[in-house]
Amino acid sequence: MIKKSTLEKVISEDLAELWATLSQDEKRIIVDNFEIHNFKKNQIIYAESENPEYLWCLLKGKVKLYKDGIGGRQQILRLYRPIQYFGYRAFFAKEPYVSTAAAFETSTLGAIKMSIVAELIDHNINLAWFFIRELSKHLGGSDTKIVNLTQKHIRGRLAEALILLIESYGFEEDGETLKIYMAREDIANLSNMTTSNAIRTLSSFVAEHIITVDGRRIKIINESQLRKISKFG
């Protein structure tokens, strides 16, 4: 059990932007109701069609948001990194979840019941604007992703997926190896293509000396060329 003083320190430091919108009384409510959850790799956080209950915040690890498509193939909709919030849109829309969230690796998440968040929003316009900004950023990103997935060639889509991984998770200490190790199937699901196409396109990037691949480890050796392919599709 985490001590309340330690929990408050974690929340105030990790959730600084949200924390800054709250009064002292509201901060106490958050601390008193904040829950810490640990998830194993591939463990479901919430599933499509479930009713939303929590505001989730990724504290440590990596989380993917995905939807099952035709033939059971997944489409990865979004990748989350610390510190990002998710799971609240469906509550505001008064509908069940339309996608599934799962841990990409062993992850630690914070959670607070949306009923409590809603009560705080009713009395705090700054908190309301915080969520409006968060939703607006996600909406803009989703619009861009739809255009890219429907109009770009598979090379452009895969390049964009690799750029997304760079921007979301960065590199290992060598400054070249992606700090996330994804199965080919996951890369394909992120890029909206078949696994065989993802494997072939990765191989072509290797042949062009844009990346190197060692199992699930991908090293970016020509980022400018990768961005050029992503931009021009």
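Predicted model: local features only at pLDDT ≥ 70, side-chain atom pairs only at ≥ 80, totals over all residues.

**Labels and their grounds**

Analyst: Lys219 lies in strand S10, residues 217-220.

User: Why is Lys219 called partly exposed?

Analyst: Buried requires under 20% relative accessible area and exposed requires over 50%. Lys219 has 29%, so it is partly exposed.

User: What does Lys219 touch, not counting residues up to four places away in sequence?

Analyst: Its contacts are Asp174, Glu176, Thr177, Ile210, Ile211 and Thr212.

User: What makes Lys27 count as buried?

Analyst: The limit for buried is under 20%, and Lys27 has a relative accessibility of 15%, so it counts as buried. Lys27 is found in helix H3, residues 24-33. Leaving aside residues up to four places away in sequence, it touches Trp19 and Leu22.

User: How do you know that Lys64 forms a salt bridge with Asp186?

Analyst: The label needs a side-chain nitrogen of Lys or Arg within 4 Å of a carboxyl oxygen of Asp or Glu. For Lys64 and Asp186 the closest N and O atoms are 3.4 Å apart. Lys64 lies in strand S4 and Asp186 in helix H8 (residues 184-191), so the pair ties together parts that are 122 residues apart in sequence.

User: Are Lys64 and Asp186 buried or exposed?

Analyst: Lys64 is at 7% relative accessibility, so it counts as buried. Asp186 is at 13%, so it counts as buried too.

User: Why does the pair of Glu48 and Lys67 get the salt bridge label?

Analyst: The cut-off is 4 Å, and the closest N and O atoms of Glu48 and Lys67 are 2.9 Å apart. Glu48 lies in the loop between strand S2 (44-46) and strand S3 (54-60), and Lys67 in strand S4 (residues 63-68), so the pair ties together parts that are 19 residues apart in sequence. Glu48 is partly exposed at 30% relative accessible area, and Lys67 is partly exposed at 31%. A search of the whole structure finds nine salt bridges.

User: Which residues does the salt bridge network link?

Analyst: Glu167, Glu223 and Arg227 are linked in a network of salt bridges. Within it, the side chains of Glu167 and Arg227 meet at 3.3 Å, N to O. That pair links distant parts of the chain, with Glu167 in helix H7 (residues 154-169) and Arg227 in helix H10 (residues 223-232), 60 residues apart.

User: Why is Glu167 called exposed and Arg227 partly exposed?

Analyst: Exposed means over 50%. Glu167 has a relative accessible area of 51%, so it is exposed. Arg227 has 33%, so it is partly exposed.

User: What makes H7 and H9 roughly perpendicular?

Analyst: Angles of 65 to 115 degrees carry that label. The axes of H7 and helix H9 (residues 195-207) come within 10 Å and cross at roughly 80°, and the two helices are therefore roughly perpendicular to each other. On the H7 side the contact is made by Ile154, Arg155, Leu158, Ala159 and Leu162, and on the H9 side by Asn197, Ala198, Thr201, Leu202, Ser204 and Phe205. These contact residues divide into seven nonpolar, three polar and one charged.

User: Why do S2 and S5 stand at the edges of the sheet?

Analyst: The open sheet has four strands in the order S2-S7-S4-S5, with antiparallel pairing. S2 and strand S5 (74-80) each have a single partner strand, so one side of each is left without a neighbour in the sheet. From one strand to the next, the twist averages 35°.

User: How do you know that S4 and S7 pair?

Analyst: Pairing takes at least two bridges, and S4 and strand S7 (residues 100-103) have four, in the antiparallel sense. Ala102 in S7 is the bridge partner of Lys64. H8 packs on the sheet, touching S4 and S5, and its direction makes about 90° with that of S5.

User: Why is H8 described as largely enclosed by the rest of the structure?

Analyst: Six of its eight residues are buried, so H8 is largely enclosed. The buried residues are Asp186, Ile187, Ala188, Asn189, Leu190 and Ser191. Just after H8, Asn192 takes a positive phi of about 60°.

Terms used:
Residues numbered from 1 in each chain as written. Heavy atoms only, no water. Buried < 20%, exposed > 50% of the residue type's maximum accessible area, 1.4 Å probe, protein only. Contact = heavy atoms within 4.5 Å. Axes fitted to C-alpha atoms, helices over the stretch in contact; angles between N-to-C directions. Parallel < 35°, antiparallel > 145°, perpendicular 65-115°, else oblique. Nonpolar A, V, L, I, M, F, W, Y, C, P; charged D, E, K, R; others polar.
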